[in-house]
Amino acid sequence: MGPKTKAKSKMPDKILMTGNEAMGEAAIQAGCRFYAGYPITPQNELTAYMARRLNQEGGVFIQAESELAAINMVFGASCVGSRAMTSSSSPGMSLKQEGISYLAGCELPAVIINVMRGGPGLGNIASSQADYFQATRGGGHGDYFTPVLAPFSVEEAVHLTMLAFDLADYYRTPVLVLADAIIGQMMEAMSLPSKSGFKKKILPKNWTLGRTQKRSSSIVRSLFLKEGALEEHNERLRKKWERIRRAEQRSALYRTEGAKYIIISYGSQARIATVAVDILRNQNVKAGLFRPITLWPYPERSLVGIADKIDMVFVVEQSLGQMVEDVRLSLPGKKISFLGRAGGGVPTAKEIVRFVKSKIARKR
Amino acid sequence: MPIMEHKFKRPKSLKDADTHYCSGCGHGILHRLVTQAIDELGIRKRTIGVAPVGCAVVAYNYWDFDCAEAAHGRALAVATGMKRLRPDLVVFTYQGDGDLASIGLCETIHTANRGESLTCIFVNNACYGMTGGQMAPTTVIGQKTTTTPWGRDPKKGDGWPLKVSELLLNLEGVCLAVRCSLSSPKEILKTYQYIKKAFTNQTEGRGFSIVEVLSPCPVIWQKEPVEAMRWVEEHMRKFFPLGAMKDI
């Protein structure tokens, strides 16, 4: 049962939607025909959108009894070959980690959207980027990674959700879309593309369960008890992660021509950082923005590529400092300053400008 | 025409393999019953089995149809995803008491309550077998386990044996809730009939069917196989009465 690429209902060229709804529509356009989820703010509009749209498209929507059940329903859906998705927000993502580890171990494609909110614990429902470590370091138990895509606008949330399905099927892996409360809740005009732009050829799924043609029985498993068998499996997975690391790094630049100072931010924080860059440029400070789109694999190649000409690096996050560690790993020996706010605090453009200018002044 | 005919054959759904199960374990009998029912109903080519975490985790080594492994307690959620997308398939879970009645009880109740068209084979052996014999929700009062070294005692906060079939029978989505036993040939034959019924309920789209099976675990119980069968009769049945609680 392959995914249908064209959804039945026609969409106008430009539409106004919240990020949450837009990611839902993107999933439908990408051929997602299974969604299971559990209510949690600030992503509830996405779940409600899928309930309505999957019904129209003849797909399956299930309000699960828990995040655990939801991710495992997605596991089952993926086993029989459907493009399947679940979404949640930070506390719910902790519960989904078990299932994500099993998806990775069983090499099952699936898309998981995390509309991040403040933590730890129940935290709050404001925007946050505090799940970076969890998202980019596997998150569950065992040696694995999942590609992580971080949108900075509603339109990009649509592109990346569609891309997530293609990456998931191509590499047979769960893929995370790491959005935040601002991206999920804000409303923007955007156009809906028909394709993700993913160029590689996605092969038909000849590994699914429940195929009726003549063949021997198939098994989906992540248990390898025979001595050496799990190591072999892990080694095969490692090669896959390496392939992804090489081929799927994505990032964007903003006003980096002639820049001496570079701000590094992702998601909604990068959106705010573009305003800071504009202000700094108006004040003749040669600042630019480097914006990772894939958080795993981290776009270290492009970052290293521009770092030579850069005097100072500023990392700005809605956390106490998580992505900054990947910047340090990518740019050893480089002077890196960090500005972060946690628990729903969002560094403003003014704060960023003040921070950058104070660091430059201190260096002089 | 040959005078003698070979009638009692290995079901096609059951692989010709040595199992890892202990001698006297109930899984061997139950695997046979499940695979025989699948063969007899002619559904082997469209069946998916979902294996639990527990002793039967590698049941797919012995079953010859499509299988998936689920995380501990999540088999019914996985099965729900499969069946909703592919109502033409026959999907069943095969779960132990730790898997279904402890860590997966939430999934069990909600899958049953949604009336998912699934078949659930629930193996109740009153202990955690694979991890070495800890107290299960179904451990009977007074039964010694590694975590109840002086016997399960509700007064000490160990709780009472959890009666899953009784718990589920009031849910509207359940069409069959029955408790069977592997403790005698007569009960084994009854178990077989109910397993077949549970699969037929699914192919006819009647709702959720659960067949709870009292099953011996001689090694953990530290009993001879025959003695273990007797223990099912004498001790387990006191807490877990047999028969169909609901059959509509």
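Three salt bridges link chain A and chain B, a salt bridge being a side-chain nitrogen of Lys or Arg within 4 Å of a carboxyl oxygen of Asp or Glu. A:R215 forms a salt bridge with B:D66, with 2.6 Å between the closest N and O atoms.

A word on the ground rules: this is a predicted model, in which local features need pLDDT of at least 70 and side-chain atom pairs count only at pLDDT 80 or more, while totals for chains, interfaces and linings use all residues. Residues are numbered from 1 along each chain as its sequence is written, chains are lettered from A and ligands numbered from 1 in the order in which they are written, and side-chain values use heavy atoms, with hydrogens and water left out.

## Where the chains meet

The contact (heavy atoms within 4.5 Å) takes in 33 residues from chain A and 28 residues from chain B. About 2,600 Å² is buried between the two chains, and carbon and sulfur atoms give 62% of that area. Buried area here is the accessible area (1.4 Å probe) that two parts lose on being put together, summed over both. In chain A, the residues that lose the most area to chain B are A:E65, A:V80 and A:S217, together 20% of what that side buries.

Polar contacts join 13 residue pairs across the interface, both residues at pLDDT 80 or more. Such a contact is a pair of N or O atoms within 3.5 Å; within protein, one must be able to donate a hydrogen and the other to accept it, and residues adjacent in sequence count only if both atoms are side-chain atoms. On the side of chain A that touches chain B, the elements giving two or more residues are β3 (60–63), α3 (67–79), α4 (90–106) and β9 (219–220). Helices (H or I, at least four residues) and strands (E, at least two) are DSSP runs, numbered from the N terminus. The largest share of this side, eight residues, comes from α3(A). By class, the side has 17 nonpolar, 10 polar and six charged residues, where Ala, Val, Leu, Ile, Met, Phe, Trp, Tyr, Cys and Pro count as nonpolar, Asp, Glu, Lys and Arg as charged, and the others, Gly among them, as polar.

## A sheet that crosses the interface

Eight strands form an open, mixed sheet in the order β9(A)-β2(B)-β1(B)-β3(B)-β4(B)-β6(B)-β5(B)-β7(B). β9 of chain A and β7 (243–247) of chain B stand at the edges with a single partner strand each, so one side of each is left without a neighbour in the sheet. Strands pair here if DSSP finds at least two bridges between them.

| Strands | Bridges | Sense | Residues opposite |
|---|---|---|---|
| β9(A) and β2(B) | two | parallel | A:V220 and B:A68 |
| β5(B) and β7(B) | four | antiparallel | B:V178 and B:A244 |
| β6(A) and β13(A) | two | antiparallel | A:L149 and A:T294 |

## Inside chain A

Strand β14(A), residues 312–317, has six of its six residues buried, so it is largely enclosed by the rest of the structure. Buried means under 20% relative accessible area, exposed over 50% and partly exposed in between (1.4 Å probe, protein chains only). A:M312, A:F314 and A:V316 point one way from this strand, and A:V313, A:V315 and A:E317 the other way. Strand β11(A) runs parallel to β14(A), joined by four bridges, and A:I264 has A:V315 as its bridge partner. β14(A) also runs parallel to β15(A), with five bridges; there A:E317 has A:G340 as its bridge partner.
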